[in-house]
Amino acid sequence: MAYKVCIIRAPGTNCDRETALCIGSLGIEAEVVHVKRIMDGQTHFSDFDGLIIPGGFSFGDHVRAGALLGKILKERFGDELVQFSADGKPILGICNGFQVLVECGLLPGRGALGALTTNLSSHFECRWVDLKVEESDCIFTRGLRRGIRLPVAHGEGRFLVTEGELQEMTEANQLVFRYALEKGEAAGGSYPENPNGSVEDIAGICNKAGNVFGLMPHPERAFYRFMHPRWTKSDDADSWGDGYKIFKNMAEYIRR
Amino acid sequence: MKWEVRISYKKGVLDSEGESTLSGLKTLGFNNVDNVKAAKVYLIEGNLTRRDVEEMCERLLANPVSQDYSISEVK
Amino acid sequence: MAGPISLDVDDTGLIAISRDMQLSLSLEEMKALKSHYHALGRSATGIELETFAQTWSEHCCHKTFRGEVEFEGRTISNLLKTTIAKVTADLNPDWCFSVFEDNAGIVDFDGDTAIAFKVETHNHPSALEPFGGAATGVGGVIRDILGVWGEPIANTDVLCFGPLDYPYKRLPAGMKHPSFIYKYVTAGIGHYGNNMGIPTVNGAIYFDESYVGNPLVYCGTVGLVKKSRYKRVIKPGFSMILAGGKTGRDGIHGVTFASVDLSTEQERSVVQIGDPIEEEKVRRAVIEIRDQGLGSAITDLGGGGLSSAIGEMTELGGCGADVHLERVPLKHPGMLPWEIWTSESQERMLVCAPVDDVEAILGVFADEEVEAVVVAEFTEGESLRLMHTDTVVGEINVPFLFGTNIRTLRVATQPERSFSEPSVRSTDPGADLRALLAMPNIASKENVVRTYDHEVKAQTVLKPLQGLDGPGDAAVLKPLFDSYKGVVISNGMNPEYGKIDPYHMAACAIDEAIRNNIAVGGRRIALLDNFCWGNPERPDRMWGLVRASQACYDVALEFETPFISGKDSLYNETELGPITPTLLISALGVMPDIRRAVSMDLKETGNKIFIVGATKDELGGSHFYKLKGSLGKNVPKVNAREAKASFDALTKAIDSGCVRSCHDLSEGGLAVAASETSFAGGLGIELDLDKIPRKGELSTEKLLFSESQSRFLVETCDSAAFEKAMAGTVFSEIGRVTGDKRLRITAGTATVLNIDINRLKGSWKNGL
């Protein structure tokens, strides 16, 4: 049986195609599904083995980035998605998808609330960042040890939670990626290494079980080495980029 | 019934838009500006009670981690 | 506007009608209408006159470029056809799929996939409402690509502003300050492109005092076309579907507005804020319609709105049409028929289709939540009938509308000006270099570039910032998942040279656009021209326009680079005067394998540095002279024949794999290029000026800062292979890459410069 991942989109989603190409090239069928089709009951989340919420500006990011899609998912399909996650199926939210996961409460999970709010620079910013990979149970980052480099492109990526929640998340190993200095240690809030002012340099988090993962950086834009800003310096244009492993892990986990 | 909903950053959450507007205004020579806060305003019309509008804020318009809301009726 | 308008009046009356209705039609044109209606034996209706005004406007029919010009004792008939378009006609390359015809130029790429490229300007709207003007400029040019059934894949933006430190006191009342315009234009561009998910991969920002109050906003979009799905067929009986945003009163008279000087009393209603999410939905639907093989023709709604789009479609089909204006979904109830007909509301497309396709097409639009309605049917005959709820509000003869050719006669006269070379020395070349790097036109644009998403779609292989944030010469995209073929996008623009001679400005812009493309590995280059000029009714401006057009012919022909599309924006004048003549050349190249792409940052200590091309006493209009407060006389000139030989050789060298980095020499000359390549690589560089191939005796500062064209700095890991590829061209080994992070320039044994590259980078990064 072929495994299938749902790439959900809403008006304004714009990274669905390249995201589908990444997971699709790993032997998993990627179907881009308009959220309207889910709302109309033509398609169900339960038909799929995994879910990706790709980047973009869903519903124009009006109200707040990811809020409208997040609340639709929460209020219309909350139970279904909680079940999806409880079944151990992987959910990946990239950039706007991370914002959606936070707005709909799947992240940080446990009923806790987070926010991805306006960058401290108060503007949209596109740059490659160094990421420190934290110890976690995240199934998407298995085998990632050393720091990696991925691009961010967002205006609202400053992750905020209450202090109590931050502690719980830390204790539950839910911090997955932190913005880092070139040498590898966490950025300590320094700009531009931490491009948005996220608390504790948080760039990506997972739920407690590790199968729901949201991150501001774009792994699909780092799938091959030739997407890296300094690929011309070395001689390995053809090799995999730092984002590849995240999709590879998702595919392997689905096939487990 | 017409309601005005104002969404602003919670105290303690840095209002970067307000801050950058402040510095922008100062650059333009408005030296007496001390503080700028940015907020988003929705005008909502319909047969709605204050409670309805509160619920809108709680369910969609404001994120309680980072945002406060205030509601006033527009006469 | 409602009742019939009799044109049976004298010349004064005709002029008054044109003025009162803001038609911007000349007396000659009004007289042609008068005799047309006389023959018809009736009065005109308002909506009919509006249609003529739109179709005959400068914006839509390019009166100046297609008219007649008196120039140096002869009459040039159709400047466009005899210069720019003639390059393409003379070269007639088999890889040009569609040129100068449709909404964008289209060239072959890979099998059935072709590339479309279009660049537009949105200057006047951006002067009035910088955010909305720039955003809708981006939205408009994206629709041009949709209008050739193209899938947009990348944006380019070249922006010109007044100096950011322009004194407020000198600003005329009502004119917006350059820093305000700069802030909101760049925000508008980022907003639209980012929201639509189209990466902004190439561009430039240029400052000059003449752009105060009249910024230039060039917006370009590249797209992919499937040749087998490229259709332009219209027949009587076919339907016209209007899809996208609702139609409102916004943007009425935008087109005729482009033909008058910018003055403060113009209404705000001509500008508008765009909705990129709406356009993103329209984009998805259009591509789906294309891929399903539905529809027979498509066009965007731009200047003139429905009146231009439907008019052009009827002309293309050689037929008539019945238009039902009451079917158009409206933003504002109660809009008058002529308002609906000429509204320039954004995010709208017109799809033509045989009746059998209509339902399926409406279904695709509905799936994307895009409003779409059949607004018109094509008819036999040649009458364009405009109806509003069963009432005919206008009836226009299509051949008359498009066939009436009132040649505009312009006069071109060379202005009396004299130029001289200054005697400036560089007593401290290091300080001068740092000052040059901090000049706004040279300084890093990173703060703007990073507010644009240049990575979305995951196709950007060479980015706007290369190495450690150095300024890339060109962008390289890999648009097909299963092919290594690349699309190469670059531009060239030299307004400073135009102050001395528009001919050489144009020649240099072409050379720069091409050499930027060559530098990264591009080839088989097609060009786009975008002229922004002052009032062409003034003989001195017109003279410059003719000279620049002639250079386009001479130089592009020699380079064998056809023009595939172009646009002009004239009348760029304010009460402060005209803008300096500005020609943007955009270049579209291809490369067989993106893995051979070359970036501009130094790669490895020990590699040899070569300079390609000869250095001459050419600092007229240079940034070094500008820094010293002079303009000069010796403007750089292009020897296109020599340049072509050297560009071809460099392409061979790049393909052989021996080129590790390559950077073109432009503003600031050798010293600036060496600094940029050096700090972008985080490595030092050592150069000996004595080894530079040159024409004539050149002082140290001229060797450092001359802006002679067609030159590159090349880093090679294999000097022998490089020398072999370059044999027969002008080049020389002048230095090497060092590990000590210093820029060291000598003249033989004498040290000219020795500076830490991070200091240079600091000047460059903090210039803006």
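Where is A:Pro192 placed in chain A? A:Pro192 sits in the loop between strand 9 (175–180) and strand 10 (202–206) of chain A. Helices (H or I, at least four residues) and strands (E, at least two) are DSSP runs, numbered from the N terminus.

## Before you start

This is a predicted model, in which local features need pLDDT of at least 70, side-chain atom pairs count only at pLDDT 80 or more, and totals for chains, interfaces and linings use all residues. Residues are numbered from 1 along each chain as its sequence is written, while chains are lettered from A and ligands numbered from 1 in the order in which they are written.

## Chain A

Let us begin with chain A. Its secondary structure comes to 6 helices and 11 strands. Taken along the principal axes, the C-alpha atoms of chain A fill a box of roughly 50 × 40 × 35 Å. A compact globule of 256 residues would have a radius of gyration near 18 Å, and the 17 Å of chain A agrees with that. The radius of gyration is taken over C-alpha atoms, and the globule rule is 2.2 Å times the number of residues to the power 0.38.

The peptide bond from A:Tyr191 to A:Pro192 is cis, with omega near 5 degrees. Another cis peptide bond runs from A:Leu107 to A:Pro108, with omega near -5 degrees. A:Pro108 belongs to the loop between helix 4 (96–103) and strand 5 (115–117) of chain A. A:Asn173 is not a glycine, yet its phi is positive, about 55 degrees. Look for A:Asn173 in the loop between helix 5 (163–171) and strand 9 of chain A.

## Chain C and its domains

Chain C has 26 helices and 33 strands. Its C-alpha trace spans about 90 × 60 × 45 Å along the principal axes. For 768 residues, a compact globule would have a radius of gyration near 27 Å; chain C has 26 Å, which agrees.

The domain assignment of chain C gives domain 1 (11–61), domain 2 (97–403) and domain 3 (431–437 + 598–768); such bounds come from an automatic or database domain assignment. Between domain 1 and domain 2 of chain C, the C-alpha centres lie 24 Å apart. Their contact takes 18 residues from domain 1 of chain C and 21 residues from domain 2 of chain C, where two residues are in contact if their C-beta atoms, placed from the backbone, lie within 7 Å. On the domain 1 side, helix 3 (46–55) and helix 4 (58–61) of chain C are the elements that give two or more residues. Helix 3 of chain C gives the most to that side, with 9 residues. By class, the domain 1 side has 5 nonpolar, 10 polar and 3 charged residues. In this scheme Ala, Val, Leu, Ile, Met, Phe, Trp, Tyr, Cys and Pro count as nonpolar, Asp, Glu, Lys and Arg as charged, and the others, Gly among them, as polar.

## Two crossing helices in chain C

Helix 1 (residues 11–20) and helix 2 (residues 27–40) of chain C pack at an angle of about 105 degrees, with their axes 9 Å apart. Axes are lines fitted to C-alpha atoms, for helices over the stretch in contact, and angles run from 0 to 180 degrees between N-to-C directions. The two helices of chain C are therefore roughly perpendicular to each other (under 35 degrees counts as roughly parallel, over 145 as roughly antiparallel, 65 to 115 as roughly perpendicular and the rest as oblique).

Helix 1 of chain C makes this contact through C:Asp11, C:Leu14, C:Ile15, C:Ile17 and C:Ser18, and helix 2 of chain C through C:Leu27, C:Met30, C:Lys31 and C:Lys34. These residues divide into 5 nonpolar, 1 polar and 3 charged.

## How the chains meet

Which chains share the most contacts, of the 2 pairs of chains in contact? They are chains A and C. This contact takes 28 residues from chain C and 28 residues from chain A. The largest share of the chain C side, 4 residues, comes from helix 9 of chain C.

The contact between chains A and B takes 12 residues from chain B and 16 residues from chain A. Helix 1 (16–27) and helix 2 (50–61) of chain B each supply at least two residues of the chain B side. Chain B and chain C do not touch; their nearest C-alpha atoms are 10 Å apart.
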